[in-house]
Amino acid sequence: MNKHKHHIIAVAVAMLISVTLYAAHTNQARLSLLKPLIKYNTPFSTEISTDSITVWEKLLEPELEEQQHYSLLFQLKLLTVRALITEGHFSLAIDKANSMYQKAKEMSYPLGTALSLQAIGNTYLNSSTPLAAIESYKEALEIISKVPDADQYAKTILTCIILTKLKFWQMANIEADIRQLESLSNKDKNLGDVFYLNYCQAFYNIQTHHLPEALNYLQQAESINRQCQHSYFFLMIEYLYACYYTESKEYTKALNIFDTILSHTQTAGSYKSLLILQERAQLLALMGKNEEACQAYESLNTLKDSLDATNYIRQINTLHALYQIDKNELDNLNRQKIILYWSWLTISCIVIKALEEAYRMLTAKDHPVDRISVLSQLISVTKEKKDNQRLLKYIQEQENILYKHIAENPFLKEGFTDAYLFNELFYSYYYLNINAPEQTYPHLIKSKEYLNKNTYFTYRILYFDTLTQYNRAIGKYQQALNYIDTTLTMLKKNFPNDYAEQLLEKARIWKQVGQNEKAILFYEQALSLKDSVTTVLSNTQMKQIKKRYNIEKNELEQERRNNRTQLLYLVFIFVILILLFIFMARLFMIRKALKHSEYEIRKVMEAVRQTNEMKNRFLSKMSYNIRTPLNNVVGFSQLIACEPNIDKETRQEYTNIIHQSSEKLMKLVNDVLDLSRLEAQMMKFQVQDYDVIELCKEVCYMARVQNEQTGINVDFSTEIDSPIIIHTDTRRLTQALLSALVYPQEHRQERNIRFILSREGDVLHFQINNSPLADPSFVSQETIIRHDINLLLLQHFGGNYFINQKTPENPEIVFIYPIGSEPE
């Protein structure tokens, strides 16, 4: 059942984190959630957890650097340091603060330097070094005072100084600091500034025992928080109320408030809960509830050990991850797999099973010392786990190996006294574990026989610890305390962590005796010592890991430099190849363009040649067509001028010839000019709206007038029963239609022409069947020019003109004209 509960809780937490991260799926959304925390100088809220802050800072950093939002970037880094501190990751917080400081120095960015010093001060403060924290804050304040428009940052740093001084009773110049904060807050008031000012004044009055004034400021701060509705402000106010009630000796109210704060901080996984638990234990001692105080200290010790171990492992894993990522780049894939496999095996496998496997691998032929060494470790581990069945098994196995080995080598007995002592001591632990102290005593007597001046120091400690446990088990508490004092004397100088554990053991004995006041003193001393030991040990081990990481990092950097050099060579070669390829492609394109240009030139030259030939043929034909009527005009004009005696009829005949030739010549010249204008798109049109049916009828009438002597009969028909208005040059369209209804040359022959007007959608069709203009027997330069003129004219108005030779009867000329067309 418990297992399922744990799974359900884990899934719920994972879902909560996933929902939070999913809700802020863009950097803009993340910033919108983070900015209130930056604005109000708080490390977390109900909307965003400390874990999210550390993750989002890594996601947002590249974008903020690219946009050069350095002030926001450093504020976000400061917020991340506070989040790491809240979770108890002090070493990581220090690293983050130092990296901030180095980055700000490299950038020569004073605001960043000041915020980095503030972050360093925060880490000092939470490492219980308030004086160093205050110095760091003061240095930050000095720098920020020289930065323009930085009052808001100055107020935040000054608040840190005041609260640190008040928390650790460093009261020098505290009134001046509060006045300076008040002066800065009055310049540009906002809710956050007013809240912190009232909070500082309330805290100051509590510490100086001015409780009515403190309550007044607390109520003002509480009123402001009702407007802000910030969860962290709520916890701050609750803590100060607890301090207020403690100072006014209303301990029950203070205790209830501490319980309320713990319900919030423990739910959020905040490291601050340890500090609240410690103050709660101290409050229970003040209330005289010494037994509850001892239980609170015991719980605090357990929780502290658990959180310290968890957070330390997280810190190690963070650096290990960085180290492993970089190292993987140096190793090949197979080696990576081996390292990851054994790392996983070492971390995830239970130690006792690994030792058992090692012991099973040792055969009877192996040296007894090796087997005893592994068994000793198994005995120690199973004793700590209180696995009594295995403990007894391994003690007996070790005893058998020892007696067998000594029986074969009796001269070695003196050299194995420590091993005999170890065995007897753990027999004692076994019987103490199963609550059989009467069976413990014989083994203690035996162990004393093996004790001498050369006994291994750890075994001497174990001997006195066993005596302590034995006397405690049989109720001889004073003797137990005497033995534990001996142990403490031996451990005090060089073994602070074990010393702290023995202090806790002594506190438990006093508690068992009923001397809770004495127990509380030893609990407090032990916990304080464990704090300092944990910090020193953590920092030392972190430095060792970072040192190793830096060595590997240097190797990696060298490898990366080599890779970059090789990459540059490859890029250079690749660029050369690309340029060569581009050059070859360009050369190919030029050659292709030259061939195409040569082809086009030949094509143009051929077109010019054909045009010249056409021009020559046109000129030769035109010269004939122009010369004939021109000769008639000139010749007959000379005859009339030179022959005054010509009779009247002859003169009239010559005059008619001159007139006809002039008209023919004029018509030919006009056609040539019209053709030239149309080809050059320089023809001027007189466009108007006109009914097409009326236009056709007028053309037919004009054709009948001209064809009275030629024998042409025009039959016009249309199925269109309503007027259709077209937009055209009626004179030129009439001229084009008329040219298809008359003989192009003087000719007399009966001919029936069918003229049909039809409509297909928005297009009109003028079909002229059996037109002389389409008759091959009338082909001449004049008819060719007329066809060209008609085609260009119709095309100008968006239509078309062609001769249909595929009709069953005679060739047909078709005019296509769009309704509502505009000249192009």
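How many bridges pair strand β4 with β5, and in which sense do the two strands run? The views below take up this and other details of a predicted model, in which local features need pLDDT of at least 70 and side-chain atom pairs count only at pLDDT 80 or more, while totals for chains, interfaces and linings use all residues. Residues are numbered from 1 along each chain as its sequence is written, and side-chain values use heavy atoms, with hydrogens and water left out.

**View 1. Strand β5 and its two partners.** Strand β4 (residues 751–760) pairs with β5 in the antiparallel sense over seven bridges; two strands count as paired if DSSP finds at least two bridges between them. Helices (H or I, at least four residues) and strands (E, at least two) are DSSP runs, numbered from the N terminus. β5 is also joined by seven bridges to strand β7 (residues 812–818), again antiparallel. Follow I768 in this view: F755 stands opposite I768, and I768 stands opposite I813 in β7. Five of the seven residues of β5 are buried, so the strand is largely enclosed by the rest of the structure. Here buried means under 20% relative accessible area, exposed over 50%, and partly exposed in between (1.4 Å probe, protein chains only). The β4–β5 hairpin has two residues between its strands, and G761 takes a positive phi near 70° there.

**View 2. Strand β3 and its two faces.** In a regular strand the side chains alternate between the two faces of the sheet. Strand β1 (residues 688–691) pairs with β3 in the antiparallel sense over four bridges, and T728 is the bridge partner of Q688.

**View 3. Two positive phi values outside glycine.** D149, in the loop between α7 (130–144) and α8 (151–167), has a positive phi near 55°. At 83% relative accessibility, D149 counts as exposed. N770 sits in the loop between β5 (763–769) and α29 (781–796), and its phi is near 70°. At 15% relative accessibility, N770 counts as buried.

View 4. Rings of Phe, Tyr and Trp (its six-membered ring) pair if their centres lie within 6.5 Å; planes under 30 degrees apart count as stacked, over 60 as edge-to-face and the rest as tilted. By this rule there are 22 aromatic pairs. For F422 and Y459 the ring centres are 5.6 Å apart and the planes stand at 45°, so this pair is tilted. F422 lies in helix α20 (residues 417–433) and Y459 in helix α22 (residues 457–473), so the pair ties together parts that are 37 residues apart in sequence. F422 is buried, with a relative accessible area of 5%, and Y459 counts as buried at 17%. Y463 and F464 form an edge-to-face pair, 5.4 Å centre to centre with 70° between the planes; both Y463 and F464 are buried.

**View 5. A cluster of rings and a charge over a ring.** One aromatic cluster is formed by F195, Y196, Y199, F203 and F233. Elsewhere, K383 lies over the face of Y429, at 4.1 Å from the ring centre; a charge sits over a ring if NZ of Lys or CZ of Arg is within 6 Å of the ring centre and within 35 degrees of the ring normal.
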